Structures are given as structure tokens and as C-alpha cells.
Amino acid sequence: MSKLAQLAATTVAPPCCPSLTDRELTDEEAELTAAMFKALGDPVRLRLFSKVASHPDGEACVCDIADVGVSQPTVSHHLKKLREAGLLLSERRGTWVYYRLAPAVLAALSGFLTTGD
């Protein structure tokens with residue numbers, strides 16, 4: 001498990017950064033933030049992330065979100081990349097895997113993109 005995924009699995013907000021207008025990023029902050037945005041830079045991963053984020057129950061079974069126009073193994077690959085980037089958490093229940101956003105991930109990403117005012 002990557003350092004970012006380990007940190008995101010905690011109950012605190014995933015590690016990100018101050019607002020871009022607050023100060024320069026440290027090397028570690030830049031690495032962690034780039035990994036999150038890189039994971040979201042793929043259209044399929046962005047759609048999967050959106051499906052989980054907008055799911056009414058706050059979590060979604062892979063069976064409910066896999067209809068993104070690619071094969072099931074490709075869906076699994078993309079979900080793994082989102083987990084490794086610290087954006088999603090997963091839990092196996094029987095034969096299905098359920099996904100949810102890592103705690104406060106949306107707040108961390110949006111806070112990074114807003115001004116520090």
C-alpha cells in the first residue's frame with residue numbers, strides 16, 4: 001500500500017496541501033497532490049470517482065458503477081489506481097467490493113484549489 005493510501009485510510013482528511021495561493025508547496029505536498037490529480041486525470045477514473053461520490057448511500061458496489069464503457073478488468077484497474085492515490089477506500093463484502101470516498105477528500109482537493117482568503 002502506498003504512503004498516500006495508508007494516510008488516506010485514516011479518519012483524518014487525506015494529506016493534501018494548503019491553498020495554492022497560501023504558499024509554495026513542499027516537495028512532499030506536491031508529490032501527494034500530483035498523485036491525486038494524476039489519478040483523476042483519466043476520464044474513466046474521473047467517471048468512477050464521480051459515481052462513487054454521487055452515490056446516494058455514500059458508497060457504491062462495484063456492480064453499480066462498472067458501466068463506464070470499458071471491460072470489468074479495466075474497471076478494477078482504474079479503481080485500484082484511485083485507491084492507491086488515496087481517493088477511495090474499499091471493503092470486500094462477500095463477492096462484491098464496495099467503494100467510498102476517503103474521509104474529507106473532496107474538502108482537501110477543493111481547499112487546494114481555492115484562494116486562502
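**View 1. His 78 reaches across to Arg 45 through a side-chain polar contact of 3.1 Å.** A polar contact here is a pair of N or O atoms within 3.5 Å; within protein, one must be able to donate a hydrogen and the other to accept it, and residues adjacent in sequence count only if both atoms are side-chain atoms. This is a predicted model, numbered from 1 along each chain as its sequence is written. Local features need pLDDT of at least 70, side-chain atom pairs count only at pLDDT 80 or more, totals for chains, interfaces and linings use all residues, and side-chain values use heavy atoms, with hydrogens and water left out. His 78 belongs to helix H5. Helices (H or I, at least four residues) and strands (E, at least two) are DSSP runs, numbered from the N terminus. Is His 78 buried or exposed? With 9% relative accessibility, His 78 is buried; that word means under 20% relative accessible area, while exposed means over 50% and partly exposed is in between (1.4 Å probe, protein chains only). Leaving aside neighbours within four places in sequence, His 78 is in contact with Asp 42, Val 44, Arg 45 and Leu 48, where contact means heavy atoms within 4.5 Å.

**View 2. Leu 48 is among the residues that touch the most other members of the largest nonpolar core.** A nonpolar core is a set of buried Ala, Val, Leu, Ile, Met, Phe, Trp, Tyr and Cys residues joined through side-chain atoms within 4.5 Å. Helix H3 supplies the largest share, four residues. Once neighbours within four places in sequence are set aside, Leu 48 has Ile 65, Val 68, Val 75, His 78, Leu 79 and Leu 82 as contacts.

View 3. Ser 76 counts as partly exposed, at 30% relative accessibility. Its C-alpha atom is 8.5 Å from that of Val 62, 14 residues apart along the chain.

**View 4. Helix H2 holds both Glu 29 and Leu 32.** Glu 29 is buried, with a relative accessible area of 13%, and its side chain reaches the backbone nitrogen of Thr 26 at 2.9 Å. Leu 32 is buried too, at 11%. The C-alpha atoms of Leu 32 and Ala 85 are separated by 8.0 Å, although these residues are 53 apart along the chain.

**View 5. Arg 93 puts its charged end over the ring of Tyr 98.** The distance to the ring centre is 4.3 Å. For a charge to sit over a ring, NZ of Lys or CZ of Arg must be within 6 Å of the ring centre and within 35 degrees of the ring normal.

**View 6. Stepping back, the protein chain has six helices and three strands.** From the N terminus on, the order is α-α-α-β-α-α-β-β-α. Of its 117 residues, 35% count as buried. The average pLDDT (the predictor's confidence in each residue, from 0 to 100) is 82, and 83% of the residues score at least 70. Where does pLDDT stay under 50? That happens over residues 1–15.
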